[in-house]
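Okay everyone, thanks for coming.

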Amino acid sequence: MLTKHLAQVLDTLNMKALLIWAVLLNFYKLLKTGDCTSKHDQVLSIQVTTHQQADIMRNISSQYETVLWSPASPEHIGADTEVHLFVPANNLGTVTDLLHTHHLTHQVLLDNTEELIEMQTRNESADPRSSTSYYERYHSLGDIYYWINKTAQEHSDMVKVILIGSSYEKRPLYVLKLSGRQERAEKRAMWIDCGIHAREWISPAFCLWFVQYSLNFYNQNNDITEMLNSMDIYVLPVMNPDGYKYTWTTNRMWRKNRSSSKESNCVGTDLNRNFDANWCTKGASNRPCDEIYCGQFPESEPEAEAVANFLRSHKNSVKLYLSIHSYGQMLLFPYSCSNEEVPNHAELFELAQEAAMKIRRHYRNNYKYGASAKTIYLAPGGSDDWAYNLGIHYSFTFELEDRGRYGFLLPPSFISKACNEALLAVKSIARRGASNRPCDEIYCGQFPESEPEAEAVANFLRRPQRLGLLESSHEAKAPRSSKLPQEKHCGSPGFSIFVTLILAVAAFTVSFMRHSASAFGFAFDAALDVLSSIIVVWRYSNAAAVHSAHREYISCAILGVVFILSSLCILGKAIHDLATKLLPEVDDFLFSVSIVSGVVCVILSVFKFMLGRVLTSRALITDGFNSLVGGVMGFSILISAEVFKHDPEVWYLDGSIGVLIGLIILAYGVKLLVDMVPRVRQTRNYERFE
Ligand code: ARG
Ligand code: ZN
């Protein structure tokens, strides 16, 4: 009996030992495969404790084919830093061996990042059983452009699209302007940009989330309704479209934009180091290959320049600046570029604290908060500091989820929580920024400077529906009670076409009658003016935002072709006149024609320049340039005839001016084509939505 029992106990013990042994063996195998024989790219979390280890870590992250996730640059690695490092499979063995040798302990944060990436880029909308909404997925750049157009069209009462510039690779930078339906005098504004850094995918996802939420809950939720009634909100969903595209097609870990220069083979500038705030000092790099490369000079990058220009021209209304990044869960405010405290530090701290507290209470999630330089690291040239110094004294950078578990590869299932908590923070901060408290020193800062000429022209344009959704980025500041007639604008291109047509006919007649190269050139230019005015009319004929940017570029490209053709004709005629030594003939008729046409063309050109500036339309400005050339040619007939009268030696002035103008038009035409063709190509696919 006893022996039987004993045997049973021994048996179970044996079994257990065997089991434990098997488990251990498997665990060992698992460890081994996880470490050096994994065929997958991994993200490692490495604890650095000593200065020597920090040196080693800096070396590893810069010398091996790895991508540093956190901190942003090797120079921020110090003793007592948790480093997150992406290591491609082929380097995994070498890197982990090095870590072991130097007693750096590490943990595998993500094994098999390829699969995670694949999951994020899978187009679930193709799957009818898919239960997640559009906003709980990541979207390609093309999808986002499509979404921008669609949103603007479906909510045309509350959304306008503003083209603020284009990227290095000539992709359009669209801002959505959200406004409540309530008219209020002196509306303040808030700016939100997303996707400065390409790999931080949760950031553009937040901008989309934010816009959709605002539109859906306007007049449903008090916070949102009040926010949109008291403020206009400018949302730039993807500030770095080239980089974002690149993360979808080529390298998921890309951070910078995609600009390149002759000086280096390395591509990309860190847009969040390219602003003019202690630019390129400690915390940024002047080496083009580095992740925190500051660029060639402040605002050297078209993306940063476009944002800076927009904010400069809206600094009187924009009171709140928000820039959305990931990851790390932080609410940061200036300064990043120095350890100094901003004058309203206490107030910003309080705002961030309140927002973080709300997130903790509602979502049981912890967000750090504080001045950037002290909370994360020195980072000069950041957009938030620059905006602050411009006078936008409520300026924040959010680092969204998570803390490093998935880092930049946050799975789509986390999008809704990450966005909702950030939204809570935005609402909390915006409530304060929107409040109409009596002016304190910081808050109301400088007084609006008036731009009289922009205002005058803006008054002409008080009928937004005629201009389409694509609105001027130099907004009309004039009050509604403007007395200037609105019909002027609508009639003006027609008028311009009519006048220039007459001039063209007159000038052609004159040029054939009097053999004047200038007159011929002028005539040609007047004809061109007619054509360019027609193109401009076409460019503004459709109210849909969709077409505006694309049309603008097409218009300019066509103008480029027209310029080149006419320059060749002008040149041919002028050179022919010079070669045959044609003498200018003068009489009263010629005099009056050239004076009238010169004056009319100059007036037209000034008008077009102003209109073009207000509408930020290159097509219009080009049109203006065209008229100006016409004016110059008109006067040149007069001048060359006059000069010839006094000094018969100088018979060649007319022809020479013809040659000169021909060359200028040629150069401008070529420049237009070079600038516009890539833009036409880049906008073609994004504006297909009807
Ligand atoms: N992580 C971001 C970066 O490295 C933000 C750092 C804070 N800097 C700032 N300007 N807010 O660019
Ligand atoms: Zn970032």
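Let's start with a helix, α7, which covers residues 222–230. Its buried residues are Ile224, Thr225, Met227, Leu228, Asn229 and Ser230. Buried here means under 20% relative accessible area, while exposed is over 50% and partly exposed is in between, with a 1.4 Å probe and protein chains only. Helices are DSSP runs of H or I with at least four residues, strands are runs of E with at least two, and both are numbered from the N terminus.

Quick housekeeping. This is a predicted model, where local features need pLDDT of at least 70 and side-chain atom pairs count only at pLDDT 80 or more, while totals for chains, interfaces and linings use all residues. Residues are numbered from 1 along each chain as its sequence is written, chains are lettered from A and ligands numbered from 1 in the order in which they are written, and side-chain values use heavy atoms, leaving out hydrogens and water.

Back to α7. What caps its N-terminal end? That's Asn221, with a side-chain oxygen 2.8 Å from the backbone nitrogen of Asp223. I'd call that a polar contact, meaning a pair of N or O atoms within 3.5 Å; within protein, one must be able to donate a hydrogen and the other to accept it, and residues adjacent in sequence count only if both atoms are side-chain atoms.

His197 sits in the loop between β7 (188–194) and α6 (202–217), and His325 is in strand β9 (residues 318–326), so the two tie together parts that are 128 residues apart in sequence. Both of those histidines, His197 and His325, are buried.

Next stop, ligand 1. There are 14 residues around ligand 1, and those that come nearest are Arg273, Ser336, Tyr377, Asp384 and Glu399. To count as near, a residue needs a heavy atom within 4 Å. By class, the shell has four nonpolar, six polar and four charged residues. In that scheme Ala, Val, Leu, Ile, Met, Phe, Trp, Tyr, Cys and Pro are nonpolar, Asp, Glu, Lys and Arg are charged, and the others, Gly among them, are polar.

An N or O atom in the Asp384 side chain is 2.6 Å from a nitrogen atom of ligand 1, and for Glu399 the distance to a nitrogen atom of ligand 1 is 2.7 Å. The protein covers 98% of the 330 Å² of accessible area that ligand 1 has on its own. Those areas come from the Shrake-Rupley method with a 1.4 Å probe; for residues, only the protein chains shown count as cover.

Most residues other than glycine have a negative phi, and most peptide bonds are trans. Here, the bond from Ser326 to Tyr327 is cis, with omega near 0°, and Tyr327 is in the loop between β9 and β10 (330–333). Another cis peptide bond joins Pro334 and Tyr335. As for phi, Glu299 has a positive value near 60°, and Glu299 is buried, at 13% relative accessible area.

Gln329, in the loop between β9 and β10, has a relative accessible area of 3%, and its side chain reaches the backbone oxygen of Asn366 at 2.8 Å. His314 is buried at 4%, and a polar atom of its side chain lies 2.9 Å from the backbone oxygen of Phe310. Over in helix α21 (residues 618–646) there's Ser640, buried at 2%, with a polar side-chain atom 2.7 Å from the backbone oxygen of Ser636.
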